[in-house]
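Let's walk through this one together, a piece at a time.

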Amino acid sequence: MHVVSLASEGTLPILEEQMFIKEKVARLYVEVAKRQWPGEWDDMDLLLKQMFFKDETTREMALLILRSLCEDVCIYDDAVAGLRKKDLRAGLLVIMASESVLKEQYPEGVKGHQNEVTLMVGEAGNDGWTSRLSVLLTELLPRCQSEQNLQPADVKIALAALNTLDSSLDWVITSSIADSSIVPLICQGILSPAVKIRLAAAECYDVIASRMLSDAEKEKIIWPLVDKGGIDMVSKAYLTYAAQILQGDSYLFIQKLDSNVHSFVPPLLELYSGYLAKDFENRRQNDAVYRHFASIDFDSVSEFRARATQTFQKALDVIHLGVPVVPLDAFLWVANKVAEALKVHFPVEVAKDSSMFQAFDGTLTLMEVAVSSLKDLINDKSHPQSSQVLGAMNTLLGMLIEYNVNCPIALDRVVGSLSAFTDMFKLNSTLLFQCLDKLFKTVEYPKANGPENEIKELRRRAANTLVKIGRSIPNTLFPIYGEVESAVQRLIQQNLIWPGEKRTLLTFLLVIGFNSEMAHDKKAIFEKVVLPVLNDFQSATIQEALSGPKNFLAFIGAMELSAAASKSLQPLEIEQLQAATMQRRTQLSWSIETLLSFMKESTGGKDPLKLGLWSSCLGSMLPNLLSTMHCLNAIVDPSLWQDLSPNMASLFALTAEEKEMLVTGKYPASAQGPVTVTKLMSDLKIWMAIVRDNAYKFLAQMTTLGPMFYSIPSLQVMLEQSLFENMDLLSNRQIRFLISSAVQPLVLNIPPEFMESVLSHLLGVLLPYLDRRLVKDWQLAADEGLVMDEKEEQEEFDVSDEIVREILLRDLTRSMADFAVVILDFGKQKGGPATIAQGPSPVPAGKEITPLAVFLLSNDTISPSIIELLCHILTFKDTRSCMRATEATLCVLAALIQNYPATANIIAPFASTILRAALQALNDPYHQEGQDRLILLVTEVYVEVRAFDQAPKVAFQQIPGIDISQLDAFEAQLSAFSNKSKKNAIVRNFLQGIIGVAKSEWFKQREQGNKPISSRTITGTYEKPSQSVLDSVQDEDIGEGLANLFDE
């Protein structure tokens, strides 16, 4: 083979040949390998090994080839590798691992299930490339630790070895990493005086630290470094270079090391506690040096913020893992930090985004993480430091309880941190009374002691902290339930708290009473807490308000606001109008939200007593809840507003601030100033949205009662009248919330015996309606000209009506795709070990189809509607929706195949329609990003269904311009194999010749009608750099060697 001779003999010696020529030669080898290995080119790896052991020049070439092959298959979105990705990945896994590791990982020598078996048996006696690289680095790195003795050839080969590891450590079998001692070698490379080796080692370290490892894998790979000096090496490297003014590769090295040094915990505890302050944004804006390097590191502000969030989470991981290593010393260090923070003097008003408060917040976050990390230790009485740590916690809690400042924001943060000590209260409740007293006093914090919004937030935080404590230690609190109840009733009766705090404190009582194992008469507690709220929900006033849309408008104050809009009211009159309307509305909204809160806290699990108590209330709760939803949907009808002020139309239109929020994702700042009629209209609009959302959630919570809910007579009719009667009047945004918050849980929680009576007509009508609506709206959007690009990050946002409509349409489409995935997805893992599925089914091994999916796909009304909806979503110009629809369609395919021949009447039309839609999506340049998944879908449908029916072949015959003789040859080739993996490869190769758009067309702006639509580029999880790693960055002449190969 010419390419092998070229790679092994065609270049100049290692120090003479230009790097870009070596890399181009390596690319030739890789391009052949991607097409012929494994399979036709069986000795590819053997030839690589021969090159590796021949001499320095060919050793470097072998490593360049292996690295490039790993990158194309496992990192970059390479088009050629994508067609054979499964085979190529399996081949790489085999050659990277040793024979012993493969036998441990795949005792049977295979992976996959019947008809799709992948052989995972390497060459006898093979030590694997991971081990081979480890031996090489063990030899080279000691020679690269002294700047005076650095040999250029050693540096080049060590760099090639580290770069090869960088491309493979994220996916090789973890036992290969552990057995070859790669991680200590990476740490050793970090100390090399050669900056390129340091950077390459840091890149490898970055990959290892970012890999999602199980605790067992960390035990084998990461933690042995604690005993082998790895921590000292990493710390030394960081501290040596971090303080220097660095440029170029040196700076990149520090950046890589700094981003993932969390894996080697204890010595860097103080460093990482500083990251908890979340002060990244302030530093970026106010620190010129920090801003300079941030602009070097990140392409956009959003990328910077994403990394800041990632760093914060990693810092939490460091502290949570590090504190238990030296528990007493670490906790005392944390306690001292908190004590210093509590001495900081805050003014009455301080901004949450100020550096002062963020440092304070970060210190308390440090404390919370440290306390939670010591949960097991304080419960282990045999641990020598358990009692000392428990005593230190108690002392620290006392300091927090005594903290009392006139700054609501600072006090809010301290109050919220008290719930971190709930595990300590189970062992030492000395300060429990003082803690509860602190929280109850904070709940009635004087309203005049600061800005109203901050006081509300403080009081809400204190009430929620009580609920958290009650949820965690109900048995500890139940003996003092009487005192707690008295404290709550005093606040309610003396009208010292707002409605939201009243709801939370009543929930606190219910949480203690229902969750405590010591409570014997839970029914009495339920009746005392819940029934008064339920009676309010059934009051004559609310019954009258919900009797019809016009009465509802009057009840919520629409008539009064309409009259006020045409007058010039004095501020006092406006305030009186606000108080009167809000009092009425609060009666309804508070009842719904409070009953929802009660149900969420007391219906978990299968406790028959709890379920029975709530089921007995269904007859009282459900009619008014459904009437509320019906009225909220009905008042969207414009005819109801004809006699009211035209200004009231603003209740159903998006404001400029709301449009900006939808486009940018940023919430507008709260408006300050006097109350106006316009402000009252805005408040009403927000109130309706909140009540609608809570009503949907309340209905969803009721569905968790199971048969007791679904057995309600005429439930299906009542649901359709309340939820869907006015669908045409609802906006896409309102329909999205309806589907995700109400319909989805309604469908997911239904017991099998009620599916026919409730879902048949409901989904049989709803799905076709939503399908027609999406098709219509996408056609209108296409006629107007799509203007968004899903991947591009906008520096300046266009808040036009067209953009907003498109955003809402995309959101609804994605919600529908998500809905389809959720209701059709595979069931949970079967009991026992995973088994190899029998028959040609794409169902993952060990999984089973849910009864819900079986019912939906066997129902003659629902099944065609789901399939048609999925087909349309596949073709809409929204790649995220298209990929989710692809996932749902694969679920449908699995169910149909698993239940064949019972599904014989539907499998052929399913295959025909899905293949047409998927091929249409494949030929749309907009979906280049998702082409791999679409190819998988077409392949699975063709291979699976072709075994039963001619439908896939007929669908391919209808492709415009298809060569029938080519198709017949493809069919003959396909029928010659029984192995599913081989069949899939044949279909993928055939698809490559009949689909796609020329690369020259990928970046061209396309037009639809008279308007251009968004251009698309091919992007994947990772992107190749703008300058290829195989392109020369040198300015020298090409010189001799293989220059004549690249004359063009």
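Start with helix H35 (residues 558–565) and helix H36 (residues 571–602), whose axes come within 10 Å and cross at roughly 160 degrees. Keep in mind that this is a predicted model. Angles over 145 degrees count as roughly antiparallel, and H35 and H36 are therefore roughly antiparallel to each other. The crossing of H35 past H36 is left-handed. If you zoom in on the contact, you'll find Glu560, Leu561 and Ala564 on the H35 side, meeting Leu577, Thr581 and Arg584 of H36. Sorted by class, that contact comes out as three nonpolar residues, one polar and two charged.

An α-helix has 3.6 residues a turn, so residues three or four places apart point the same way.

From H47, the contact takes in Leu870, Ile873 and Leu874; from H48, Ser881, Cys882, Ala885, Thr886, Ala888, Thr889 and Val892.

Next, have a look at helix H11 (residues 182–190). How much of H11 is covered? Mostly, it turns out: seven of its nine residues are buried. Those buried residues are Ile182, Val183, Leu185, Ile186, Cys187, Gly189 and Ile190.

What about the cysteines? If you were hoping for disulfides, a search of the whole structure finds zero. Take Cys74: the nearest cysteine sulfur belongs to Cys70 and sits 6.1 Å away, whereas a disulfide needs the two sulfur atoms within 2.5 Å. Is Cys74 buried or exposed? The cut-off for buried is under 20% relative accessible area, so Cys74, at 15% relative accessibility, counts as buried. Cys891 counts as buried too, with a relative accessibility of 3%.

Finally, zoom out to the whole protein. You'll see 53 helices and four strands. Of its 1048 residues, 54% count as buried. And if you take the contacts between residues at least 6 apart in sequence, 76% of them join residues at least 24 apart.

Definitions and conventions: Residues numbered from 1 in each chain as written. Predicted model: local features only at pLDDT ≥ 70, side-chain atom pairs only at ≥ 80, totals over all residues. Heavy atoms only, no water. Axes fitted to C-alpha atoms, helices over the stretch in contact; angles between N-to-C directions. Helix = DSSP H or I, 4+ residues; strand = E, 2+ residues; numbered from the N terminus. Parallel < 35°, antiparallel > 145°, perpendicular 65-115°, else oblique. Left-handed = near helix turned anticlockwise from the far one by under 90°. Contact = heavy atoms within 4.5 Å. Nonpolar A, V, L, I, M, F, W, Y, C, P; charged D, E, K, R; others polar. Buried < 20%, exposed > 50% of the residue type's maximum accessible area, 1.4 Å probe, protein only.
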